[in-house]
Amino acid sequence: MLKNTTEILKNALAERILILDGAMGTMIQKYKLTEADFRGERFAESAVDLRGNNDLLTLTQPLLISAIHEKYLEAGADIIETNTFSSTTIAQADYDLQSIAYELNFAGAKLARLAADKYSTPEKPRFVAGILGPTNRTASISPNVNDPGFRNVTFMELVDAYSEATRGLIEGGADLIMIETIFDTLNAKAAVFAIETVFEALGVELPIMISGTITDASGRTLSGQTTEAFYNSLRHAKPLTFGLNCALGPKELRQYVEQLSKISETYVSVHPNAGLPNAFGGYDLGAEDMAAHLKEWAESGFVNIIGGCCGTTPEHIKAFADAVENIPPRKLPQIKTAMRLSGLEPLNIDDESLFVNVGERNNVTGSAKFKRLIKEDKFAEAIEIAIDQVENGAQVIDVNMDEALLDGKKCMTRFLNIMATEPD
């Protein structure tokens, strides 16, 4: 790990647009690996099919993963991402490999570290981003359409999984931690809490990158937030960079990158897909065409770090690096101080705000009706009280349960879970 990494990274960001690497999965697919290749000798007797568990290749095919890292470094990447997108106990449970989650992160960071050190020079230092992916479960959305209050993962389960992964990434040699492809903001909040907990326990502090995913043309994350609401929800983490990646190609993502560049108090990173997927699930946007889009973003002052997500290759990364080589990076804007809140939409309160309406009827000690509905387990009707307040102008809802009157923690959790799925 480089000494004074944060300062070196900030100095580089002040001088030029940095280049992030491209897709790991796309490169792995080119090798057309078999089930036996994924298993290697160590996991040959696994009762579960392991093909498709790309993170496992860190242990079973380390030379292949190292070669991919080096191809991106040769193409000009300043930052390479560890092959740890699914290296949490939660995601690895699908393969019955949750017990090796720490090892996957440690080994993934170590491979990337060796590659980055091999290509680093005083003039062009290379950095390792330890990757925390979104997991295959969501804390904000019920997987059961008949029970909007149900969740198949809890916040603390996510915290535990992300803590173990973060520790492995740090101890393996990562320079920074990137929470990426965020489709559920609550998952990302769990990751932030886990990272800060591990930092405190280890006595270290690395830069954090946060990168969300706008899932379609609606301009929202999967859990329903707009770009600005998503930003408001996570700006408390004080990340080094805030950005967007995956789901969309550069043409579709541009308007959201522009918006983020105007509201972000910190550096902006972007790594879009190579266009939208074709009928076969592949990506067709070539390196030069994609580079032209990213060059325009750079010339417009939108970005500080650019790279590629699904469908991108070292050829793309080289084209990006060449395209923005002489373009200055986005300057950090002066953002007016305000209270920045969010639901699915942003709520910014500043000295120009006339007043803010707070609905206080979802209170078991202040509303006999709400108390009765909660005690009778009529949560759908209790939610109507919140909706009525919003329709009558409330911008914030105050929810109050009482442990002395009922199981306050359980009721609060269920009520907020249902509330989070209600678009109004």
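Analyst: A definition comes first: two strands pair if DSSP finds at least two bridges between them. The model is a predicted one. In it, serine 342 stands opposite proline 346 in E10.

User: In which sense do E9 and E10 pair, and over how many bridges?

Analyst: A pair needs at least two bridges by DSSP. E9 and E10 have four bridges, and their sense is antiparallel. A hairpin of three residues joins E9 to E10. For the pairing itself, the values are: antiparallel, four bridges.

User: Which residues lie closest to the centre of the largest pocket?

Analyst: The largest pocket has a volume of about 1,400 Å³. Its lining counts 40 residues. The closest to the centre are Ser342, Gly343, Leu344, Met419 and Ala420.

User: Which elements give two or more residues to the lining of the largest pocket?

Analyst: Both strands of the hairpin, E9 and E10, are among the contributors. Strand E12 (396-400) is another. The helices are H9 (185-202), H10 (227-234), H15 (379-391) and H16 (408-420).

User: How does the lining of the largest pocket divide by class?

Analyst: Gly counts as polar in this scheme, and Met as nonpolar. On that basis the lining has 20 nonpolar, 13 polar and seven charged residues.

User: Which element supplies the largest share of the lining of the second largest pocket?

Analyst: This pocket holds about 850 Å³ of space. It is lined by 35 residues, and the closest to its centre are Met24, Gly25, Thr26, Asn54 and Cys310. H2 (24-30), H6 (89-92) and E4 (176-182) each supply at least two lining residues. The largest share, five residues, comes from H2.

User: What is the volume of the largest cavity?

Analyst: The search covers the whole structure and finds one cavity of 30 Å³ or more. The volume of the largest cavity is about 40 Å³.

User: Which elements give two or more residues to the lining of the largest cavity?

Analyst: The lining consists of Gly133, Pro134, Tyr162, Ile179, Ile182, Phe183, Asp184, Asn187 and Ala188. By class, these are six nonpolar, two polar and one charged. The elements with two or more lining residues are E4 and H9.

Methods:
Residues are numbered from 1 along each chain as its sequence is written. This is a predicted model: local features need pLDDT of at least 70, side-chain atom pairs count only at pLDDT 80 or more; totals for chains, interfaces and linings use all residues. Side-chain values use heavy atoms; hydrogens and water are left out. On a 1 Å grid over the protein atoms alone, a cavity is a set of points where a 1.4 Å probe fits but cannot get out, and a pocket is an open set with protein on both sides within 12 Å along at least five of seven lines; lining residues have an atom within 4 Å of a point. Grid points are joined across faces, edges and corners, and a volume is the space filled by probe spheres set on the points.
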